[in-house]
Amino acid sequence: MAEWTRVAAVTDVEPGTFKALAAGRRRIVLCNVDGDFYALRDLCSHDDLPLSNGDLEGSEFVCIHHGARFDVCTGRALCLPAIQPVTTYETEVRDGDVFVQAG
Ligand code: FES
C-alpha cells in the first residue's frame, strides 16, 4: 500500500491554484478547489505529456498540449482527445499540511 507523504503546507496552494510537486517517487499536480485538495499524476492520459504545463479552471484541469479536460476530483476525461482518466491520489490535511498517498 502506498505511503502518505507530506507534499505542502495548506497555505502553499491557494484556492483556485495548483502546484507541481513530488510525492515520493511520483510527480503530481496538487490542486486546491475551493479549499479542498486533489492530487493528479502529472501525466496526461492522452499523450503522456506533463499535465502541469496546463491550467486549473474551477474543478477541471486543462491540458495545454491538445486541450483535453479532466475532472480534478475523479480524474475522468471530460473531452477529446483524452479518453482515459488520469491517475488520482488520495489527499488528507493534517495540522495545516497536505499529505498525498502516492508512493
Ligand atoms: S497530451 Fe494532454 S491533451 Fe494531448
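Visitor: Before we start, when do two strands count as a pair here?

Guide: Two strands pair if DSSP finds at least two bridges between them. The model itself is predicted.

Visitor: OK, take β4 and β8. How many bridges do they have?

Guide: Strand β4, residues 36-41, and β8 are joined by two bridges, in the antiparallel sense. With the cut-off at two bridges or more, they count as a pair.

Visitor: Which residue in β8 is the bridge partner of Ala-39?

Guide: That is Tyr-89.

Visitor: And on to β9. How does β8 pair with that one, parallel or antiparallel?

Guide: Antiparallel, over five bridges, with β8 covering residues 88-94. One of the residues to look at is Glu-92, whose bridge partner in β9 is Phe-99.

Visitor: What sits between the strands in that hairpin?

Guide: The hairpin of β8 and β9 has two residues between its strands, and Asp-95 takes a positive phi near 50° there.

Visitor: Which residues make up β1 and β9, and how do they pair?

Guide: Strand β1 is residues 4-9 and β9 is residues 97-101; their pairing is antiparallel, over five bridges. Within it, Ala-8 has Val-98 of β9 as its bridge partner.

Visitor: Now the whole sheet. What is the strand order?

Guide: The order is β1-β9-β8-β4-β3-β2, in an open sheet of six strands with antiparallel pairing.

Visitor: Which strands are at the edges?

Guide: Those are β1 and β2, the latter at 18-23, and each pairs on one side only.

Visitor: What is the average angle between neighbouring strands?

Guide: On average, neighbours in this sheet are turned by 35° against each other, direction ignored.

Notes:
Residues numbered from 1 in each chain as written. Predicted model: local features only at pLDDT ≥ 70, side-chain atom pairs only at ≥ 80, totals over all residues. Helix = DSSP H or I, 4+ residues; strand = E, 2+ residues; numbered from the N terminus. Axes fitted to C-alpha atoms, helices over the stretch in contact; angles between N-to-C directions.
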